[in-house]
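Here are some notes to read alongside the model. Please keep the sequence and the 3D view open while going through the points.

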Amino acid sequence: MSDVSIIKIAEGCPDLRSLTLNNCHKITDASISLIAKSCRDLSKLVSYKSELTNASMLQIAECSKLEKLNVSNCGQSITDMGMIAVAEGCPRLKELGLSMC
């Protein structure tokens with residue numbers, strides 16, 4: 001799966017509340033950013049072993065209804081800056097997975 005599919009989901013499913021993208025190495029910041037912008041009711045995002053960076057985290061931080069976020073095993077592309085943005089922008093966050101980041 002690539003950004004093409006995720007972009008179509010973002011455009012066609014604005015009421016999406018939960019998205020899991022485990023081991024989707026072709027998914028980039030572009031599609032995650034669009035999901036965050038388009039799916040304002042998103043409450044769960046799991047993206048284990050993906051290629052996300054701070055750019056995605058800054059957009060995810062705009063998801064004020066987010067309750068669960070798991071970006072475990074995303075390499076070292078997510079830094080304090082991205083996680084601080086999430087902490088400040090997601091007041092409903094109850095579960096956070098950051099293993100091997």
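Predicted model: local features only at pLDDT ≥ 70, side-chain atom pairs only at ≥ 80, totals over all residues.

1. What does V86 touch, leaving aside its neighbours within four places in sequence? V86 is in contact with M57, I60, A61, L69 and L93.

2. The helix that carries V86. In helix α4 (residues 80–89), the buried residues are G82, M83, A85, V86 and G89. Seen down the axis of α4, these buried residues fall within an arc of 155 degrees, so they line one face of the helix. An α-helix has 3.6 residues a turn, so residues three or four places apart point the same way. On the other side of α4, the exposed residues are D80, A87 and E88.

3. Four strands make up an open sheet with parallel pairing, and their order is β1-β2-β3-β4. The edges are held by β1 (18–20) and β4, each with a single partner strand, so one side of each has no neighbour in the sheet. On average, neighbouring strands of this sheet are turned by 5 degrees against each other, direction ignored.

4. Strand β2 (residues 44–46) pairs with β3 in the parallel sense over three bridges. Here K44 stands opposite K68 in β3.

5. Salt bridges. How many salt bridges does the structure hold? There are two salt bridges. Side chains of opposite charge can pair when their charged atoms come close.

6. The loop pair. K65 lies in the loop between α3 and β3, and D41 in the loop between α2 and β2, so the pair ties together parts that are 24 residues apart in sequence. K65 is partly exposed, at 33% relative accessible area, and D41 is partly exposed at 22%.

7. The strand pair. The side chains of E95 and K68 also meet in a salt bridge, at 3.8 Å, N to O. Because E95 lies in strand β4 and K68 in strand β3, this pair ties together parts that are 27 residues apart in sequence. E95 counts as partly exposed, at 46% relative accessibility, and K68 is partly exposed, with a relative accessible area of 26%.

Methods. Residues numbered from 1 in each chain as written. Heavy atoms only, no water. Buried < 20%, exposed > 50% of the residue type's maximum accessible area, 1.4 Å probe, protein only. Helix = DSSP H or I, 4+ residues; strand = E, 2+ residues; numbered from the N terminus. Arc of directions from axis to C-beta. Pairing = 2+ DSSP bridges. Axes fitted to C-alpha atoms, helices over the stretch in contact; angles between N-to-C directions. Contact = heavy atoms within 4.5 Å. Salt bridge = Lys/Arg side-chain N within 4 Å of Asp/Glu carboxyl O.
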